[in-house]
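These are my notebook entries on what I looked up in the structure below.

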Amino acid sequence: MNYRQLVKLLCGLGYISMCSAQEPVTEVDLFADVNIVKTGTRLHQPIMQVPASVTVIDREMIAASGATQIPQLMRLVPGFLSFSSKANQLGVSSRALSPDFPGHLEVMVNGRSVYQPALLTVVWTSLGIALEDIDYIEVIRGSNTPAYGSNAFQGSINIVTLDPLTGSQSSVRATAGSIDTKNFSGRSLGSVGDFSYAVSLLSNRNSGFKGLSEPPRKLFPTQSRVDDLHTTQLRVQGLYTPSLDDEIDVTLGLGRDHLKLPESDVRGYHNRQFNSHYQHIRWKHLLDSGDVTTSFYHNYLSIEDDTSYGLLSANVEVSPSDVPLGYPGQVDEVISGDIQDGLSERYHLEVQHTFNASSQLKMVWGSAFRVDRLGSRFLLGHDQVIDAEQYQLFANADWQFLPRWNANVGVMLETNNLVGSFASPRLGVNYQIFDNHMLRMSATAARRTPSLLSVHQKTAVTFADGTPIEKMIGNTGEASEEKINVLELGYLGSFLQGDLTLDMKLFKEQLRDARYDADPAADDTSGFSRVWRNGLNWDTEGAEMQLRYQPDSQWLASLQYAYIDIDGFFPNENSHKDFGNQIPTHNVSLLTAYRPLPGWELSGVLYHTSEMKWTSGNDVDEITRLDLRLAKSFALGDWQGQLEFLIHNVDDAYIDYDKDNIFERRFFVRLKFDLE
Amino acid sequence: MRTLAKFTVSFIACLLLLCAPLVQAKVDVVLLLSSDSEPYQDVAGGIRETLLEKYQPHSLQTLMLDSLLSNEQQMPDKHTVLVTIGTRATRYALQEKISDTIYASFITASGLLREIATDEGFPKALKGAVVLDQPALRIVQLAKLINPKARNLGTVVNGSAPNRLDEFTRVVKAQGLRLKAATLIEESNPITDLKRIFSNSDVFLVIPDKSRFNSKIAKWVLFLSYRHRVPVVGYSQKYTDAGALVSIFSTPQQVGRDTGERLVEKLNGKNSSTGIVRLQYPRYFSLSINEKVANSLGIKIDTPAQLKERMRIKYGVTIKDDSGLLMEVVEE
């Protein structure tokens with residue numbers, strides 16, 4: 001057989017590519033990564049090469065947890081706290097002081113930041129995401145500013161929703177139970193031509209902490225003090241792939257929250273409405289090696305408050321005729337909640353380029369432009385809308401400089417019209433001791449811009465003409481970035497053919513110049529009772545551990561533990577007040593799920609948090625909480641059903657954040673139907 | 001007496017001639033690696049281990065292609081047996097004709113044939129090759145095992161390089177099944193085309209292509225696998241980790257061991273050259289299973305070891321592939 005015959009034979013056998021001008025498939029192609037998702041560093045990386053501790057909460061864990069709200073899931077992340085400063089004002093924090101509005105974590109939905117500049121935090125009830133919409137949640141435990149900017153100061157959370165191609169064709173969920181909970185959600189998939197879409201609708205309703213339904217009232221005894229919620233959210237997610245190289249995602253959302261937020265015994269509650277909408281478009285264009293992704297999003301939240309607090313004289317307990325004595329030129333008038341109306345907006349445009357510079361070097365770099373807008377007479381003392389423009393330039397690289405050794409280098413450069421320019425670098429080295437066992441060391445020096453509100457805040461209760469009645473929180477006019485230096489030593493190992501994974505971390509954090517609302521200085525003549533200032537410092541040391549064991553499809557266990565030692569002071573002209581236990585020393589959660597028979601599932605989560613003092617709340621004793629869930633799946637025609645019984649906090653009631661928030665035992669029944 | 005002396009000399013001469021192959025000098029073997037990265041080192045390790053255990057060459061040297069190109073290492077002698085590991089090393093060895101006896105390993109069939117096709121004449125130096133691809137028959141048989149009721153198998157290929165579609169079409173047909181295939185070009189809407197394939201398939205086979213094409217379709221293949229509840233047969237551990245129900249592949253260690261064993265057979269003269277390049281599929285292979293995917297698809301699937309055992313029992317130890325190339329299923 002000669003050469004021509006051989007080639008002809010082999011062409012005939014199907015190896016046609018050799019006869020074309022195309023490059024043949026090589027061994028490199030067969031061993032290449034199958035890049036489905038990017039991690040918290042913006043790169044396609046195996047978890048063994050990521051320069052940070054990562055917790056992934058998947059659908060199985062979400063279901064087994066029996067959670068009814070997304071923040072509850074954060075208890076499955078070592079060192080993370082989930083709390084309710086009001087029944088429906090939910091918060092999540094990690095190794096940060098625990099104000100009503102925690103802002104040191106970047107929370108994203110499919111990469112879209114959902115932080116609200118007006119409220120200095122995330123409005124979890126307005127996310128527009130039902131638990132069933134979530135594919136998984138990826139949490140970076142520790143500063144991730146080099147990848148995602150200022151707000152990822154002490155970590156980042158990315159909630160990844162199901163794609164319009166995944167999930168059931170149609171699904172409906174209904175949950176009913178304690179605190180008058182009535183939650184409904186539905187999701188349906190479809191396509192129009194080449195365009196695939198998913199439509200989700202949810203309606204959640206509850207009456208908040210039970211104890212608050214009973215007054216005592218001082219001034220409005222007939223008005224019961226409540227903290228209930230009714231939220232309605234619509235979400236449409238679309239997907240279009242015009243070619244092999246292009247992928248376009250569009251997400252549109254619209255929502256309305258009616259909340260009653262309790263204030264104080266005197267003022268009763270805010271009757272507040274959040275109107276929100278958002279638009280997120282992302283275009284990913286694949287290149288020979290990597291991709292270019294362009295994304296734009298806009299978040300809008302308006303706050304409407306129609307609470308009437310009654311006459312000023314009644315509020316300050318003076319006779320109406322005395323009002324002009326205290327406020328020259330003014331007369332007694334009804335104090336209306338509409339002074340708290342406001343709007344919060346974020347526009348964000350971003351381009352990033354991911355590529356493999358070589359087989360050993362993966363890189364991503366990009367740039368973003370962001371505008372935050374804020375308007376509120378109550379918060380700012382005027383009616384103008386203010387904004388902050390911010391530019392970001394970022395780059396992250398993963399370099400395998402030796403077999404089994406990876407270096408991760410990243411930096412985020414940010415500049416804005418609040419504090420100027422600053423950089424947040426990170427260097428990490430991962431060493432694979434042997435297969436599936438990795439040691440990691442990283443150092444991060446991150447910077448965080450103060451929020452737009454904390455730089456411009458001049459919160460006051462005013463007369464209708466704007467004259468202040470009570471000045472509450474102001475600012476000194478000075479602002480600088482907050483700083484954090486982090487050292488981490490981590491281990492990630494996989495045992496028993498991957499059935500058991502162990503993630504451990506030792507860390508040391510130095511947080512400097514944190515922004516806080518302080519007592520005004522002695523020479524401060526602004527009249528505000530509190531003013532924003534940089535200068536809070538604290539050091540944190542500790543250890544985290546996460547162990548997941550899933551020997552088969554019947555069993556799942558996941559144990560999370562964090563030990564945290566915090567040392568810091570509230571600076572004050574007169575004294576330094578020790579932080580004490582502003583962060584709980586021990587924080588444990590254990591999730592277990594067992595499927596004894598086909599269709600049956602029993603699961604539970606045990607949480608334990610040692611005693612602590614909430615910065616803006618109360619001292620609370622150690623909390624041990626057990627949630628249980630029993631689920632039975634069944635078929636009903638073409639529909640797959642599941643009936644669940646949930647008990648939250650099987651044992652005695654505990655105080656959640658505030659002495660008025662008594663978390664008693666709660667019962668829920670949840671019914672789900674899925675049409676495949 | 002003279003007769004006895006003549007007889008004795010003749011007898012000794014005959015004895016020496018008969019024993020000549022037994023005392024034949026061991027050859028020098030050089031391994032030429034395309035890269036010093038782990039997979040290539042693992043292949044080299046497998047070859048080295050097998051050669052030292054079963055052959056003991058006169059010398060065994062390992063060279064890096066980049067070191068050769070930068071003159072950090074010396075070019076091997078032309079009479080050494082050269083084993084090239086990976087496409088780059090094979091291409092260089094064939095183009096530069098650095099040895100009279102070349103065995104190629106850890107290269108795909110299409111990659112090897114490209115190197116042959118671009119050579120000006122028959123590459124006489126190339127004496128044999130162990131390729132990395134899995135034979136179509138093996139993949140189709142695996143698909144039948146994970147879904148015995150399967151009638152239609154689905155796949156997509158890259159329009160700019162149709163690759164192994166003809167081979168799969170023939171093998172699938174020979175197995176009494178039908179292949180639903182789509183050819184995707186750059187302008188194709190991958191979701192639309194894949195939806196059509198998935199809605200008519202019982203098992204989806206991923207035929208490995210250029211990594212660029214593989215990554216373009218992997219996400220949609222895996223998403224639609226869930227949506228249509230159709231299991232996917234992938235080609236690597238990473239594909240299984242990403243969401244394929246099962247993958248079939250040969251590890252670098254397995255390819256190295258296989259190459260070493262075939263080389264020993266050649267060097268011992270047990271497998272003499274027939275004048276053509278023997279392109280051999282790897283005898284050793286692995287299966288990986290994603291149990292989470294199996295659960296979510298509601299599929300009860302055996303362990304990899306059980307699946308391999310069933311393949312061995314059902315399809316035999318040695319099978320003649322439809323392509324005419326020898327394929328063996330060997331238990332490790």
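I began with contacts: two residues are in contact if their C-beta atoms, placed from the backbone, lie within 7 Å. I noted that this is a predicted model, in which local features need pLDDT of at least 70 and side-chain atom pairs count only at pLDDT 80 or more, while totals for chains, interfaces and linings use all residues. Residues are numbered from 1 along each chain as its sequence is written, and chains are lettered from A and ligands numbered from 1 in the order in which they are written.

Entry on the cores. I looked up B:V233 and, leaving aside neighbours within four places in sequence, found it in contact with residues including B:I139, B:L142, B:V203, B:A244 and B:I248. B:V233 is also, with B:L32, B:V83, B:I85 and B:V221, among the residues that touch the most other members of the largest nonpolar core, which has 97 residues. Such a core is a set of buried Ala, Val, Leu, Ile, Met, Phe, Trp, Tyr and Cys residues joined through C-beta atoms within 7 Å; buried means that 20 or more other C-beta atoms lie within 10 Å of a residue's own. Apart from this core lies another, of 78 residues, with A:L120 and A:L591 among them.

Entry on chain A. I recorded eight helices and 40 strands in chain A (DSSP runs: H or I of at least four residues, E of at least two). Along its principal axes, the C-alpha trace of chain A spans about 115 × 60 × 50 Å. Of its 676 residues, 45% count as buried.

Technical notes
A residue is buried if 20 or more other C-beta atoms lie within 10 Å of its own, exposed if 12 or fewer, and partly exposed in between; C-beta atoms are placed from the backbone.
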